[in-house]
Amino acid sequence: SIPGIGPQVAAVLIALLPELGHTNRLAIAALAGVAPMARDSGQFNGKRSIAGGRPRVRQALFNAAFSASRTKSRFGQKYKQLTESGKPPKVARIAVARKILITANAMIKTNTPFKAE
């Protein structure tokens with residue numbers, strides 16, 4: 001019932017991310033490969049970017065975010081807010097993908113349905 005998650009994305013999440021609903025939001029984002037990773041060393045502060053994780057899960061979530069960003073749901077509003085504040089579209093979609101994943105993780109963990117606000 002989450003906007004953007006259809007049968008194919010749901011199948012990928014169930015098959016390739018068995019930890020869904022059993023870990024916290026930070027760990028699940030890192031496992032999926034949508035968490036920002038720091039590139040810091042000493043006094044050097046590098047640019048954060050996504051890295052690692054499971055590529056197929058990340059691809060499925062990116063496609064879900066692409067679809068959800070076109071809706072009038074909270075995910076579409078988040079995408080619009082990020083792009084209007086100057087973020088590149090790809091960065092905004094990854095942020096929406098992470099938000100979708102964290103929402104799905106919380107829903108499975110608490111066994112509650114999606115509530116459109």
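**A first look around**

Guide: Happy to! In the protein, residues 24 or more positions apart account for 60% of the contacts with a separation of 6 or more. Keep in mind that this is a predicted model.

Visitor: How many helices and strands are there in the protein?

Guide: The protein has five helices and four strands.

Visitor: And what pattern does the protein follow along the sequence?

Guide: Reading along the sequence, you get α-α-β-β-β-β-α-α-α.

Visitor: What radius of gyration does the protein have?

Guide: The radius of gyration is 14 Å. A compact globule with 117 residues would have one near 13 Å, so the value for this protein agrees. Along the principal axes, the C-alpha atoms fill a box of roughly 45 × 30 × 25 Å.

Visitor: How many positive and negative side chains does the protein have?

Guide: There are 19 positive side chains and 4 negative ones. The centres of the two sets lie 4 Å apart.

Visitor: New topic! How many aromatic pairs does the structure hold?

Guide: It holds one aromatic pair. The partners are Phe-75 and Phe-114, with ring centres 6.1 Å apart and planes at 25 degrees.

Visitor: Why is the pair called stacked?

Guide: Planes under 30 degrees apart count as stacked, and the planes of Phe-75 and Phe-114 are at 25 degrees, so this pair qualifies.

Visitor: Where do the two sit in the chain?

Guide: Phe-75 is in helix H4, which covers residues 74-84, while Phe-114 is in the segment after H5. They are 39 residues apart, and the pair links distant parts of the chain.

Visitor: Is Phe-75 buried or exposed?

Guide: Phe-75 is buried, at 0% relative accessibility. Phe-114 is buried too, with a relative accessible area of 14%, because the cut-off for buried is under 20%.

Visitor: Which residues is Phe-75 in contact with, leaving aside its neighbours within four places in sequence?

Guide: Those contacts are Ile-2, Pro-3, Ala-68, Ser-69, Val-96, Lys-99, Ile-100, Thr-103 and Phe-114.

Visitor: Let's move to helix H5. What can you tell me about Asn-105 there?

Guide: Helix H5 runs over residues 89-110, and Asn-105 is part of it. Asn-105 is buried, with a relative accessible area of 4%. Beyond its neighbours within four places in sequence, its contacts include Glu-19, His-22, Arg-25 and Ile-28.

Visitor: And Val-91, where is that found?

Guide: Val-91 is also placed in helix H5. Its relative accessible area is 44%, which makes Val-91 partly exposed.

Visitor: One last stop: what is phi of Asn-111 near?

Guide: Phi of Asn-111 is near 55 degrees, a positive value in a residue other than glycine. Most residues other than glycine have a negative phi. Asn-111 is in the segment after H5, and Asn-111 is exposed, with a relative accessible area of 70%.

Key. Residues numbered from 1 in each chain as written. Predicted model: local features only at pLDDT ≥ 70, side-chain atom pairs only at ≥ 80, totals over all residues. Heavy atoms only, no water. Buried < 20%, exposed > 50% of the residue type's maximum accessible area, 1.4 Å probe, protein only. Contact = heavy atoms within 4.5 Å. Rg over C-alpha atoms; globule rule 2.2 N^0.38 Å. Lys, Arg positive; Asp, Glu negative; His and termini not counted. Charge placed at Lys NZ, Arg CZ, Asp CG, Glu CD. Phe/Tyr/Trp six-rings, centres within 6.5 Å; stacked < 30°, edge-to-face > 60°.
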